[in-house]
Amino acid sequence: MHTNTKPASKPRAATYKKVLEKKAEEVRRSMSAQKAAQVVARLDCPSDEGDLSQQHHEEWIFLNRNSIDMKLLREISDALHRIEAGQYGVCMECEEQISIKRLDAVPWARYCVACQEAIAARIATGEMENEFQEADR
Ligand SMILES: [Zn+2]
């Protein structure tokens, strides 16, 4: 055990803030790129009746992908709010410090590994809304 590192070093919020802002920017850019690609695809394909179902399918994929991005953006913005509030890096379930390793991997993490796994298990059994599952990128 790392007894020599007590008290646990706080995650450096300023560093994560930059990472989160950059990630949000990336997601926004990728969303608008997808949107542009969609518009181009529309212009390319003459809208005759036969293409309609294919078009709907593509639209569904687009919306679905977009909603994952939206969710990620929201989680990033929540994390930024937690930085502002000075609560960043604290598990929202057990209020323990989330490990630096986890924050490096998932800077918008709301829960520590143990709580996230417990929540994932509850979602899997239908006990909990999927809303609480964090976006994984
Ligand atoms: Zn926890």
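**Helices, a loop residue and a nonpolar core**

Arg110 sits in the loop that separates helix H3 (100-105) from H4. The model described here is predicted. Arg110 counts as partly exposed because it has 19 C-beta neighbours inside 10 Å, whereas a buried residue needs 20 or more. Met92 is 18 residues from Arg110 in sequence. In space, the C-alpha atoms of Arg110 and Met92 are 5.9 Å apart.

The protein chain as a whole contains 4 helices and 0 strands. Its elements read α-α-α-α from the N terminus on. Of the 137 residues in the protein chain, 12% are buried. Contacts were also considered by sequence separation. Among those between residues at least 6 apart in sequence, 60% join residues at least 24 apart.

Helix H4 covers residues 113-124, 12 residues in total. From first C-alpha to last, H4 reaches 16 Å, close to the 16 Å expected at 1.5 Å a residue. Gly126 follows H4 and has a positive phi, near 80°.

The largest nonpolar core comprises 12 residues. Its members are Tyr16, Leu20, Leu72, Ile76, Ala79, Tyr88, Ile98, Leu103, Trp108, Ala109, Tyr111 and Cys112. Helix H1 (13-44) and helix H2 (52-84) each supply at least two residues of this core. H2 gives the most, with 3 residues. Leu20, one of the core residues, has several contacts beyond its neighbours within four places in sequence. These partners are Ile76, Ala79, Leu80, Pro107 and Trp108.

Notes:
Residues numbered from 1 in each chain as written. Predicted model: local features only at pLDDT ≥ 70, side-chain atom pairs only at ≥ 80, totals over all residues. Contact = placed C-beta atoms within 7 Å. Expected span 1.5 Å × (residues − 1). Core = buried A, V, L, I, M, F, W, Y, C linked by C-beta atoms within 7 Å.
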